[in-house]
Each structure stands twice: as C-alpha cells, then as structure tokens.
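Have the coordinates open as you read.

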Number of protein chains: 2
Amino acid sequence: MTETNQEHRASVAIIGLGLIGGSLGLVLREAGYHVSGFARNPAVRSRALALGAVDLAITDLRDIVDAEIIVLAVPVLATPVVIQDLIPHLAPGAIVTDVASTKRQILLWAKNLLPGSVQFVGGHPMAGKEQAGIEHADIQLFRGRTWCIVAPDKTHPSAVATITQLAIATGALPFTIDALSHDAVVAATSHLPFLAATALADATFTRSDWASLQPLASSGLRDTTRLASGDALMHRDICASNHVPIVKQIDQFLERLGELRTLIHEQNDEQLLAYFERIKTHRDLFLAYLDARAAIT
Amino acid sequence: MTETNQEHRASVAIIGLGLIGGSLGLVLREAGYHVSGFARNPAVRSRALALGAVDLAITDLRDIVDAEIIVLAVPVLATPVVIQDLIPHLAPGAIVTDVASTKRQILLWAKNLLPGSVQFVGGHPMAGKEQAGIEHADIQLFRGRTWCIVAPDKTHPSAVATITQLAIATGALPFTIDALSHDAVVAATSHLPFLAATALADATFTRSDWASLQPLASSGLRDTTRLASGDALMHRDICASNHVPIVKQIDQFLERLGELRTLIHEQNDEQLLAYFERIKTHRDLFLAYLDARAAIT
C-alpha cells in the first residue's frame with residue numbers, strides 16, 4: 001500500500017496481462033489505483049510496462065501480498081490452477097475478483113478453493129475485441145459497457161462495494177446479477193452469436209470454391225461472421241464452462257431457423273414478409289436502446 | 001440524347017428511386033451521364049431532384065423513350081409489372097438492365113416479356129445498407145464493390161459492354177457470372193447471413209424478459225444481427241425468387257451448427273478448440289482478402 005497526499009491509493013494486482021488485463025491496468029492506473037501485473041511471458045511484462053498498463057510487472061506471485069484487490073484475468077479453465085498458485089500469498093482480507101465470461105463454474109471454484117479469510121466477488125465486463133493480447137489493450141475498452149457483478153451470498157457487502165467501485169472506475173456500468181441467470185443470459189446474448197457466426201463462417205469460407213467466389217462476399221457477410229475471428233481458446237473455455245445453457249440456446253435458435261426454413265420452402269410469402277417486418281422492429285428497438293445508452297455514457 | 005461538346009453524354013433512365021436507384025443517379029450524373037428518374041411518389045421525386053440524383057424527374061413512362069439505358073431499380077417481385085408498363089415506351093436498340101439481388105427469375109421475365117428489339121443485361125451491385133429509401137442515397141455506395149453482370153446468351157456483346165461501362169463508372173468492379181451460379185453463391189454469401197441474423201434476432205430480442213436483459217447485450221450481438229434491420233420487402237422478394245438455393249444453404253448451415261452443438265454437448269473440448277482455431281484462420285484469411293481489395297480500389 002502506498003499513500004499519495006491524504007488520499008489512499010488502492011492497490012490492485014492483475015493476474016494475466018492479455019487484452020482485458022492490459023486494458024484494465026491502463027484505465028485503473030489513470031483512475032489512481034496502484035497496479036501490479038503478473039504475466040509468465042517476459043515479452044508481455046515488458047510490453048505492459050512500456051504501454052503504462054502497470055506500475056510494476058511482477059514475476060513472483062509472492063509480490064501480490066500487498067494487493068488489496070486481486071483480479072484474475074486468465075482464460076476460464078486456467079482459473080482453478082491460478083487460484084491454487086495464489087493461495088499461499090493472499091493476505092487476510094484480500095478481495096479476489098475475476099473477469100471471465102461465465103460465472104457458475106468460477107464461483108464454484110472460488111468457493112471450494114479459496115480460504116475463508118479472503119473475499120470473492122465474481123465480475124464480467126461485457127467488453128472485448130476479436131484481437132487478443134496486450135498489444136490491443138485499450139483504455140476505452142470498458143467505457144459505457146455493462147460490468148456484471150456476481151457475488152456469492154457469504155461475501156461481505158464492503159467487498160462487493162470495492163469491486164463495484166473498481167468497475168465504475170473503468171467507465172463501465174455495474175449490473176448485479178446471480179451466477180445462473182448471468183450464464184443463461186450470456187449464452188443467448190454473447191455465446192450463441194459467436195457460435196452462429198462460426199457456423200456461418202464454416203458454411204461459406206471453407207467451401208472448396210471459395211477463392212473464386214470471394215468477390216461476391218458482402219459487407220453483411222463480413223459483419224455477421226466478425227465474432228468467428230475471436231480468440232479460440234477463450235471461446236472453447238466458455239463452451240466448456242457453460243455447455244448446458246449454450247446447448248439450450250442453440251436448440252432455440254435451430255428451432256427459429258427451422259421455422260424460417262419452412263416458410264421459405266413453402267413459399268409462404270405473406271407470413272415471411274410479416275415475420276421479417278416483426279423482427280426488424282425488434283432489432284430497431286434494440287438499436288434505439290443502444291443509442292440511448294451511448295448518449296448517457 | 002444530349003451532346004456536350006464533342007463528347008456524347010449517355011442517357012440513362014432509372015425506374016425506382018430508392019437507396020440503390022438514388023445512389024446510382026448521384027454517381028452516374030457525376031460520371032457524366034444524363035440521368036432521368038421515375039418514381040410514383042412525388043416526395044421521392046422532389047427529394048431526388050433536391051439531392052441531385054437526377055437531371056430530370058419523370059412522372060410519365062413515355063419520357064423514357066430517349067434513354068439508351070433503362071435501369072430497373074425496383075423490388076424483385078415488382079419487376080414483371082414494371083417491364084410490362086415499360087414495353088410500349090422502349091425505343092428499338094434500348095438496353096434494359098436491373099440491380100436486383102437474384103438473377104434467374106429476372107432473366108426469365110426479361111426473356112418472356114421484353115421484345116426482341118431490346119437488349120437485356122442483368123446486373124447486381126453487391127452494395128447496400130440496412131436503411132432503405134432515397135434519403136440514404138450515397139454517391140460512394142458502389143465504390144470498390146463487386147457488380148455482377150449476368151447476360152443472357154442472345155444479348156449483343158456491345159450491350160454487355162455498355163452495362164459493364166456503367167458499372168465501372170460507379171466505381172464498382174464488374175464480375176461476369178451466369179444466373180444459376182450467381183443465385184447459388186449469393187444464397188450463401190448474402191441471403192443466409194440475413195436469415196441467420198434474423199433468426200438470431202428472433203431468439204434474443206423477442207424474449208419476454210428482454211427489456212431487463214438488454215444491459216447484457218454485447219457489441220457482438222449488435223453486429224451479428226445488423227442485417228435483421230434490412231428492408232423486409234426486399235428480403236421477402238429475395239426468398240421468393242431464390243427459395244431453392246436458399247433452403248439448400250440453410251440446410252448446410254443447420255448441419256454445421258448441429259455438429260457444433262454435438263461437440264459442445266459431449267464436452268469434446270479438444271475438437272472444439274481445433275474447430276474454433278480452424279474457422280478463425282479461414283475468417284482471418286477472408287479479412288485479409290477484403291483488406292487487399294480495399295487497398296486497390
């Protein structure tokens with residue numbers, strides 16, 4: 001802990017300096033936090049220092065002992081291993097949080113592995129890019145985005161307040177939700193769009209005649225498949241830790257697309273027009289919501 | 001026909017002044033064509049004149065008699081009616097073209113309805129926006145985009161050359177293809193992405209609890225559903241005039257997504273990672289192609 005004038009400068013250790021960890025370091029330092037960052041790769045540590053994403057690049061987990069807040073910014077499936085590595089070095093009263101895309105499994109690991117002297121608050125900033133890695137870190141990444149706060153029942157309210165404050169410091173809008181609801185909703189709003197984009201990319205870009213057909217690709221195809229360029233490991237981990245809600249969402253989507261296929265196959269032109277008009281109205285309302293939210297942040 | 005100095009100024013009549021017709025008028029006038037435009041709605045005609053999308057707004061199809069090129073810029077299913085309305089006013093040697101998203105059905109109507117004294121060349125500029133209507137007309141709409149040229153066998157090569165020249169004048173890249181291949185390819189590159197976006201929009205935005213869940217929507221969901229805000233009538237007409245290739249593409253997509261569902265359901269983490277990595281590589285190659293093309297246009 002360090003003091004600057006009268007003000008206390010909260011100390012954060014970020015474990016993992018990829019796109020999210022790096023962006024978080026940049027914005028938290030600007031917000032006045034003292035940020036130390038851990039990464040195994042020396043090139044990543046140098047980059048983090050050069051970009052100003054950390055005050056201190058640490059190579060030994062013993063150095064997190066002074067941090068009040070520890071942020072796990074690693075792939076979902078790496079989380080239990082990282083928690084076990086951290087345990088010997090967590091000071092009593094330390095608050096551990098994470099930024100993973102799924103929450104049920106993370107909260108389970110936190111409950112089973114972390115000592116009772118440590119507070120855990122799950123987090124999920126709804127922000128990202130297709131490009132992974134600290135070289136794409138962006139101080140604006142979280143601005144105006146929703147940051148889900150998913151706290152276990154036994155977590156102390158002051159720990160929840162500390163992590164909510166951290167989310168606000170990044171420019172994000174905190175959103176309190178329980179783990180099961182979170183995972184069900186993001187299966188629909190985030191994981192299904194990635195899977196649909198990937199299946200669509202598969203159905204077009206892997207065609208044997210694709211090289212000669214590319215001139216006929218539209219900007220619509222580019223945008224609709226954008227998510228398929230996302231980080232493969234991150235999405236594999238998401239599927240592994242949220243498979244039940246995801247399969248349920250895929251099934252609902254397959255059902256809708258199957259109904260649409262029937263309307264087209266049967267040349268039911270009237271119902272098809274009514275359907276496209278109805279969905280367009282819903283989509284335009286969603287855009288209006290996004291515009292309204294952008295205007296206030 | 002009008003003469004400017006020694007140069008002959010080709011005369012084009014655009015039937016329908018929506019997004020495509022209006023944008024085409026803007027760019028062809030700048031390229032030196034004399035452009036007259038037909039629209040039934042007086043407000044659209046005034047707007048076209050005010051925007052500079054036409055030299056002349058016509059209300060009587062008799063006024064197209066002087067045009068060397070007639071561009072049909074109407075919804076697919078309106079095409080046969082418009083052709084029949086035009087027939088009495090087409091001068092011998094006139095070249096008729098269109099800008100519709102499907103080509104087999106259009107070429108069939110042209111063959112069955114147009115007199116032998118008129119040349120027909122099918123066209124399809126691969127450009128658009130979700131926003132329909134002349135108020136969104138954009139002189140840059142066709143720049144760097146592929147413009148499919150689909151000529152019936154009996155069409156005179158000089159007519160094909162005239163329409164190819166017109167496409168080039170808009171900044172587009174002409175691409176010669178036959179009608180069946182065209183319709184099969186755009187079913188994959190354009191129609192399927194719209195339908196996937198629409199089914200995805202249906203699976204999320206029509207949920208009864210959506211209003212409370214919207215804060216968890218990501219920019220990925222926004223982009224992946226963008227096409228669902230497209231013009232409903234245009235897409236209904238596309239489905240009606242291209243249903244066989246579209247159903248085939250939906251089936252291929254359903255098969256890919258079904259395989260993906262199985263990998264997730266069976267928690268086959270290793271294959272899932274390999275699959276995501278493989279599709280990401282294909283998608284990144286497609287992006288590299290788009291970048292290369294953007295660099296040369």
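## Ground rules

Two strands count as paired if DSSP finds at least two bridges between them. Helices (H or I, at least four residues) and strands (E, at least two) are DSSP runs, numbered from the N terminus.

This is a predicted model, where local features need pLDDT of at least 70, side-chain atom pairs count only at pLDDT 80 or more, and totals for chains, interfaces and linings use all residues. Residues are numbered from 1 along each chain as its sequence is written, while chains are lettered from A and ligands numbered from 1 in the order in which they are written.

## A crossover in chain A

In chain A, S9(A) (146-150) and S10(A) (173-176) run parallel, joined by four bridges. A:Thr146 has A:Leu173 in S10(A) as its bridge partner. To get from S9(A) to S10(A), the chain goes through helix H5 (157-169) in a right-handed β-α-β crossover (with the strands pointing away from the viewer, the path from the first strand over the helix to the second runs clockwise).

## The sheet in chain B

Chain B has an open, mixed sheet of eight strands, ordered S5-S4-S3-S6-S7-S8-S9-S10. S5 (56-58) and S10 (173-176) of chain B are the edge strands with a single partner each, so one side of each has no neighbour in the sheet.

Further in, S3(B) (11-15) and S4(B) (34-38) pair in the parallel sense over five bridges, with B:Val12 opposite B:Val35.

## Where the chains meet

Contact here means C-beta atoms, placed from the backbone, within 7 Å. On that basis, 73 residues of chain B touch 73 residues of chain A. H6(B) gives the most to chain B's side, with 19 residues.

Notes: Two residues are in contact if their C-beta atoms, placed from the backbone, lie within 7 Å.
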